[in-house]
Amino acid sequence: MPWEDAVSIEDIRVLTGQLAADPSSLVFLPLGEALRRRGQLEAAEKVALAGLTRYPELADAHDLLARILGDRGDLERAFDEWDIALRLDGGHAGAHKGIGFLYYVAGELPKALGHLESALAADPGAEGVAAAVARVREALAMPGASDAASPPPGPVAGAQTAAETTGPAEVSRAVFEGLEGAQDGLLLLDAQGLRVGGGLSSPDGTPVGDAVAAHLAGVFRDAERAARLLSLGPWSSVAAETSDANLFLCAPTPESLLLLVRDNSVPIGRLALQAERASEAARRWLEGAA
Amino acid sequence: MKADIVSALESITRVRGVRGAMIVSAEEGLVVAESSMEGIDGAAVAALAAGVVARLARATEAAGRTAPAFVHLRAGAGGLMAVPGRGDLLVVAVTDPEVNVGLVRLELRRVAEDVA
């Protein structure tokens, strides 16, 4: 029987009553989880956030919020919450499972395996973790298999949806056709951090586009928030220099983000010009795809 | 020591178009020292700058690259620049839109190297 069927409205009513009677109790944890399982994500998030204001250092509370955020498709914030949970409790099975799954979705199989194995060690009976470990090991043993493999059972419904919609078939190779770095060095992603076009490799040639895209959604939100709260007006770009590369980030449309990465011998000013051309291409492609 | 830091920050705020400069604890997002931040919420700058830099550092790590040595958020009515210093410190400047970015970057780097 599916879990959501097993959680009755009466159960939720009882848990809600218990929490109302004693707002400082930990009953917010089963209540938030019950609401999440029934798909009442907004209510679940409110319960989790209220619990976190009372118990900010409770790893279980961060794990709960992460699962809710994952179900809502906000994988970046889900990652952050699981990361906090692990800082508070390095052996937290749920957080290892969640982060392991997100790494899998991002194509970072060795990291995924490490976290899933930690989750299994912490809770050998955890639902689906043993099977997930087996599946990731299998994917690791087959070069290039990670792209083709279906994701292991995930801790959040949203993450599974994301995994299904970000397969190679959904990522366009044609967005930046004709531009320098069209397949490696230019990324187009949506506001949720899902790669929709282009590609990126690390210096050793490993494809890292999906992993980087997942992190950039947070940069997008932080840049927007910083510009707004500091009365700087709408943000137009974020440039970053590292010792081995220069990066340029901008938003071709309000719902998309473009990253351009070049060797650090290419000055930021030139990156800005290249990003402008790439943004035009992205807008054309997005209009055509709409 | 604090006077030295503020004096170092003044070398940044002397650049035309710089509204204010500050040193931030990157991990906590808190102000360590600031200069000429009139009309600007220093605490908000510290938290937001630390957040943007931390997020970018995660992205560059995922890309197999080193952490950012300079970050520039450009917006319609101004900008935010940050250079990581020693340890946990970030040197940050809030600027007008019309500013010599190269000059501010130089000053930020100089202060980042000087301030331990």
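Chain A contains 13 helices and five strands. The model is predicted. Of the 290 residues in chain A, 48% are buried. Among contacts in chain A with a separation of 6 or more, 47% link residues 24 or more positions apart.

Take one helix of chain A as an example. H3(A) spans residues 28-37 and is mostly covered, with seven of its 10 residues buried. The buried residues include A:Phe28, A:Leu31, A:Ala34 and A:Leu35. What covers them? The cover includes three helices of chain A: H2 (9-21), H4 (41-54) and H5 (59-71). After H3(A) comes A:Gly39. Its phi is positive, near 85°.

Now turn to the interface. Here 36 residues of chain A are in contact with 31 residues of chain B. On the chain B side, helix H2 (42-62), strand S3 (70-75) and strand S4 (78-84) each supply at least two residues. Which element gives the most? H2(B) does, with 11 residues. By type, the chain B side that touches chain A divides into 19 nonpolar, eight polar and four charged residues.

The two chains also pair through strands. Strand S3 of chain A, residues 235-241, is joined to S3(B) by six bridges. The two strands run antiparallel. Within this pairing, A:Glu241 stands opposite B:Phe70.

How values were computed: Residues numbered from 1 in each chain as written. Chains lettered and ligands numbered in written order. Predicted model: local features only at pLDDT ≥ 70, side-chain atom pairs only at ≥ 80, totals over all residues. Helix = DSSP H or I, 4+ residues; strand = E, 2+ residues; numbered from the N terminus. Buried ≥ 20, exposed ≤ 12 C-beta atoms within 10 Å, placed from the backbone. Contact = placed C-beta atoms within 7 Å. Nonpolar A, V, L, I, M, F, W, Y, C, P; charged D, E, K, R; others polar. Pairing = 2+ DSSP bridges.
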